[in-house]
Amino acid sequence: MREVVVISGKGGTGKTSLTGAFAHLASNKIVCDLDVDAPDLHLLLRPQAGRTEEFFSGHVAQIDNRQCTGCGLCASMCRYDAVRVDGNTYSIDPLRCEGCRVCVAFCPAGAVLFPEKHCGHWHISSTRFGRLVHARLFPGEANSGRLVSVLKQQARQLAKSEGKELILSDGAPGIGCPVISSLSGADLAVAVTEPTPSGRHDLERVAELCGHFRIRLGVIINKFDLNPEGADGIEEFCRSKGHEVIARLAHDQIVTKAMVAGLVVTELPETDFTREVRKTWARIEELAARGKKS
Ligand code: SF4
Ligand code: SF4
């Protein structure tokens, strides 16, 4: 089984639109949306509800008012100003509580409970392109590195039980904990970039990350025609570092047209652009077939 993760240094490069098209083109696969802080692959794939599970991560303090003596120690010790006082009644503001456990440790009455925090849900759904493993965090929750690991684990189990040969993931953007979790165990990272100074800068950072974890990296320069010189510079950078430039894709209104129609671009009648996207996917499959970097 192969794992391909589509990433980008930042949002807005066309990563999800292309992942949606690849989900259409790939066969015998599980699709996984690891961009859990801002998931939007479901907007293109329109999943039908399947299995849903609660996701818990970290802890949040809660005061049991039957035990609380109203001494006020927790309020004076909380560095995050999360303890609320209403007359003699103490409570915790869950949006401010950082789960540091100080109030639990020091409450003389043992009145502070410390349950796991319910942060959102993860799902295994059906789509017109097969199964999708994805999640939705509650507003304000961003504990996503662990959730990414949960989704990857579920996708692997599902792929194994259903005999799938590929896990295609829409990875988290950036270079932080979620993208590192996204990349763990991947055979191939596909970075979607654009020929702007920030696109180049972000690509260099994700390339460094992939180099550090010895993950094979292929690069798609999206909207290359908006700045051909910038695209040449990116290509030169990739060559110098041994990363393959998989494709240079032109800016094309067909991407927006597909999005408005709630489709992926390769579902529309064939054009030069969709032909290029198909070729791009074929090249990704070839690279992924080489397996992990030794
Ligand atoms: S420290 Fe414990 S007993 Fe004192 S106010 Fe806080 S919860 Fe109540
Ligand atoms: S767990 Fe920490 S942050 Fe939360 S209320 Fe207690 S002292 Fe404050």
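Predicted model: local features only at pLDDT ≥ 70, side-chain atom pairs only at ≥ 80, totals over all residues.
Local features require pLDDT of at least 70 and side-chain atom pairs count only at pLDDT 80 or more, whereas totals for chains, interfaces and linings use all residues. Residues are numbered from 1 along each chain as its sequence is written, with chains lettered from A and ligands numbered from 1 in the order in which they are written.

Helices (H or I, at least four residues) and strands (E, at least two) are DSSP runs, numbered from the N terminus. Residues T274, V277, T280, W281, I284 and A288 of α10 are buried (20 or more other C-beta atoms within 10 Å of the residue's own; exposed, 12 or fewer; partly exposed, in between; C-beta atoms placed from the backbone). These residues cover an arc of only 110° around the axis, which places them on the same side of α10; the arc is that of the directions from the helix axis to the C-beta atoms. The face turned away from the buried side carries the exposed residues D272, R275, A282 and A289.

The buried residues of α10 pack against several elements, including β1 (2-7) and β11 (188-193). Strand β11 contains T193, which counts as buried because it has 32 C-beta neighbours inside 10 Å. The C-alpha atoms of T193 and S8 are separated by 6.2 Å, although the two lie 185 residues apart along the chain.

Definitions and conventions:
Contact = placed C-beta atoms within 7 Å.
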